[in-house]
Amino acid sequence: MIKSVLAVSEGGPDAAMSFRLAARVAANFDGTVDALHLPVGPAGGMVGGLAMSGEAMPLLIDVDDERLEERTKESERAYKEIVAPIKDATYTAAKTATLDTLVAMGRCADILVLGRPGADPENVAPATVEAAIYECARAVMIAPPTGGTGAFGSVIVAWNGSFQAARAVEYALPFLKAAAKVTILVAGSKPDDVGASYLARNLGRHGITSTIDAIDPGVVSGRARGRALLDYTHGKGADLLVMGAYGRGQVLSFLGLGGATGKVISSCRVPLLMAH
């Protein structure tokens, strides 16, 4: 069960996105939110052992001390408006807060929530996303600009039999148990080739009824596969997409992640739950 949600903000458009989705998750599971503000860019620090590609490094556009202070105030404003009313909610912010702080708090939370990367013109490739996915050993939810409200009634699980997908399913179990509809979606393979029926059987033992569907995007690039997954998810009116995170360290891809992963992160219109 999810009781502690870590909501991360760097004081841009991500603040409201992250905090609203975190509050929604907390409300669904009777939990609370710990909000964390991190300064953008080099001030955010580096995690020991965190190998980031050039694509994943923070890209800043002339963010001076005055603008950093304004970003801090935006996180504070969003916290007071959205998160503070939640029982036992907390707020952590400091000019010296680093990605090490994110990792330390993230590993002690049940789930992390971040606003969609790429939406902030002053911080177009935040290192926080890669740190959250690859260093915190927790599920990471990416909030779209409009995060929705209420229950996560319809959930799509992107399944390819990989260990990343298996971990994502494990972390998503609280959402799957609460959902009215769960679809196991296989893209580019036959369901039997990736053990989809085994997954459905196991979910059934948890009291989760699921259906299996398959799409064939053809022999295409990773980004095209991601686009096909998004088209299916949006077309079905899903409330949540669950998938593994792939391709760490790839260059010439969004955030240094795999083409499909980067495409889905940057364009998914519903909350996205990922794990590596």
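Author: R24 lies over the face of F152, at 3.9 Å from the ring centre; a charge sits over a ring if NZ of Lys or CZ of Arg is within 6 Å of the ring centre and within 35 degrees of the ring normal. This is a predicted model, in which local features need pLDDT of at least 70 and side-chain atom pairs count only at pLDDT 80 or more, while totals for chains, interfaces and linings use all residues. Residues are numbered from 1 along each chain as its sequence is written, and side-chain values use heavy atoms, with hydrogens and water left out.

F152 also belongs to one aromatic cluster with F29 and F175. A search of the whole structure finds 3 aromatic pairs, where rings of Phe, Tyr and Trp (its six-membered ring) pair if their centres lie within 6.5 Å, and planes under 30 degrees apart count as stacked, over 60 as edge-to-face and the rest as tilted. One of these is formed by Y79 and Y91, whose ring centres are 4.9 Å apart with planes at 35°, so the pair is tilted. Because Y79 lies in helix 2 (residues 65–83) and Y91 in strand 3 (residues 90–93), the pair ties together parts that are 12 residues apart in sequence; helices (H or I, at least four residues) and strands (E, at least two) are DSSP runs, numbered from the N terminus. Y79, at 12% relative accessibility, counts as buried, whereas Y91, at 26%, counts as partly exposed; buried means under 20% relative accessible area, exposed over 50%, and partly exposed in between (1.4 Å probe, protein chains only).

The rings of F152 and F175 have centres 5.3 Å apart and planes at 85°, so this pair is edge-to-face. Both F152 and F175 are buried.
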